[in-house]
Amino acid sequence: MVYGGKPSRGCQMCRIRRIKCDETKPTCKQCAKARRVCPGYRDVNQSHPASEGGSASSQVPDKPQQSATPSLAPKSGRSDGLSLEGTGTPSPRSSSDKSIQAPPPLAVDELASCHFISNYVLIPKQGLATTRGFLEFVLPLLKTPEPSQHFLYAFKACSLASLNNRVGTGNDFDRAALGCYTKALACTFTALKDPVLTKRDDTLAAILLLGLFENITAKTLGMLAWSSHIEGAIQLVKSRGQEQLRSKIGLDLFIAVRTQMVIHSLSTGKPPTLDVDWWVTDPGSNEYSMQLQQLSSRVGELKSEVNALLATVTRSSENMELMKDTIQNCKSLDKEIVTWLRELPEQYMWKTVAWEPYNPRCDYSKAEVFPGRIDAYVDLWVVNFWNVMRCMRIVLASLTIRCTAWINFPADYRTTSEYATTVRTCVEAISDIIASVPYQMGLFSKRKDLRSHATHSVFGCGEDTSEKGLAGYFLLWPLACIQGQDYLTDSQRTWVKGRLKSIGNTLGVRYGNLLSQLNVRVPSMLILRDRLKNDPHEMPADIAAIMAGTAASGASPPSPVASTAGGAMPPGLPGMSNPGISIPGMSEIPSAPGASADALANQEAIRKQMLKRQTEELVTKAVEKPGKLDDWTVKTWLQL
């Protein structure tokens, strides 16, 4: 008898993969972490085949023994224990492994639905005194006797897209998700023509799910399509009236649309709808959540007003005072936010639990933690609550600097006291957001020194230690907001872009990959935008002759210099032409009153041509690689 070694107690899948199994029952953590179906454990008391009657080679000399182990691996090469191509029937088992129970058959649609619900719907709520969840209307609508086709197609599209982003290539989930999305669009378009179907809850729910689908699968047109869906949802809520608030589902839908409206306003610069009808009593949310929504809306409204002012007003003493008043409004609202945050109860507070040292050999584009603090929060709602407020402070600081630059033109705005204050505010907010990312992306469940502080992973279903797509979805806007700030260091920017790519590739929210391609610099690029929209100085009367090289001096036309007036270029924009059109050695004078119509038309044509060229330069510099982002998304971030 030959001794074949001590039989392994690990599960069948871990033995196939030749990794250490923790032997947790009924499902080992290795399989759960990899989102595989654990096939179970064999009976170690059963006689080892190599110890009965000699070695395996002596038993079957002419034919090598065929182990029963590989039979559990799917033929497609996947190691998750399920056949994802069709019905999801598990692979056949050998008769020698009778103690291993086969997992029940699970259809792909059911697998995708469970994955989506566990990642986006059933979320932790143990920290805040609220019953408000994310997409809480989905489950009740699925349980209705006859859910509408457009809602079912939209839900199936999101489910398949979410699952496809996690399991990778080698399946048809992407194509199936796109097919469901197309059917959902067609059915929703038809339903919006019916006055009865327009008022139904599942119609509004389908539109919200279609917007979420764009973020999950975004490739080039994510923001444009998402914005279109949200604008449609806002109009639909207005048409539904007060009757929608009488049911729990209707109220959940109303709150969801209101939240998306605020995010849409802060992202695109469009003014939010601030009618009194939007601020109804919400029994599901506490007073702090309501105040957060109201403050966010006020910031969005102020941003829209500043964009309009900087694009239209001319330089005069009255408008100078108007800009100073606008700066004071921004400062007052920021002070109100800071005071309000200090008065929050203890359950909203965060604490620093670790410190990450700097490693000069580390590739921070792939690192999970950036050197500095690692902060812990009560749950995902609280950390998202804080990051939204930090982003609003950054937005207000940017508005203040843009107005300051307008007032101090042609002097360098970076020499003002407002700029120094803004730098301190933004650097602090950026550091706080970076310190919160490890908590949201599941690092606390991976590192032993942080595991005792992990609180956000208690989801309604699924493994607690698994990373959830919702955490990445919540992180999109804070990371996109800070990655373009002028105040980031190069290493910080590299790390933030790496986290956005990780959200897209690891957590399955593809919009993160799209946002990582943005190269916008704020506020410097927005200040150039403001001068492109509204040049504070008149063009020279003989600009056409100068540009054509036919000026009285006979000199060839000089090209616009690459520095702003005052001798300083906003940080991060080397080589950008000056949006304020100025000709060296020439004084800027208004157009002559007696100029002919043809001369004025030619002057205006040249001006438009220069503005178009400089706008194209700005858009080009705002993207890392040409073709990765659509012009609409870039121009939206630049407020163009």
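This is a predicted model: local features need pLDDT of at least 70, side-chain atom pairs count only at pLDDT 80 or more; totals for chains, interfaces and linings use all residues.

Me: Which residues form one aromatic cluster?
Reply: Tyr 288, Trp 340, Tyr 348 and Phe 385.

Me: And how many aromatic pairs does the count come to?
Reply: The count is 15. Among them is Trp 350 with Trp 386: the ring centres are 6.4 Å apart and the planes are at 90 degrees, so the pair is edge-to-face.

Me: Where do Trp 350 and Trp 386 sit in the chain?
Reply: Trp 350 is in the loop between α13 and β1, Trp 386 in helix α14. They are 36 residues apart.

Me: Is Trp 386 buried or exposed?
Reply: Buried, at 10% relative accessible area. Trp 350 is partly exposed, at 27%.

Me: What about charges: which residue lies over the face of Trp 406?
Reply: Arg 315, at 4.8 Å from the ring centre. Lys 25 lies over the face of Tyr 41, at 5.5 Å.

Me: Switching to α7. Which of its residues are buried?
Reply: Phe 173, Ala 177, Cys 180, Tyr 181, Ala 184, Thr 188 and Ala 191. Seen down the axis of α7, they fall within an arc of 105 degrees, so they line one face of the helix.

Me: What does the face turned away from the buried side carry?
Reply: The exposed residues Arg 175, Phe 189 and Thr 190.

Me: Why does Phe 189 count as exposed?
Reply: Because its relative accessibility is 52%, and the cut-off for exposed is over 50%.

Definitions and conventions. Residues are numbered from 1 along each chain as its sequence is written. Side-chain values use heavy atoms; hydrogens and water are left out. Buried means under 20% relative accessible area, exposed over 50%, partly exposed in between (1.4 Å probe, protein chains only). Helices (H or I, at least four residues) and strands (E, at least two) are DSSP runs, numbered from the N terminus. The arc is that of the directions from the helix axis to the C-beta atoms. Rings of Phe, Tyr and Trp (its six-membered ring) pair if their centres lie within 6.5 Å; planes under 30 degrees apart count as stacked, over 60 as edge-to-face and the rest as tilted. A charge sits over a ring if NZ of Lys or CZ of Arg is within 6 Å of the ring centre and within 35 degrees of the ring normal.
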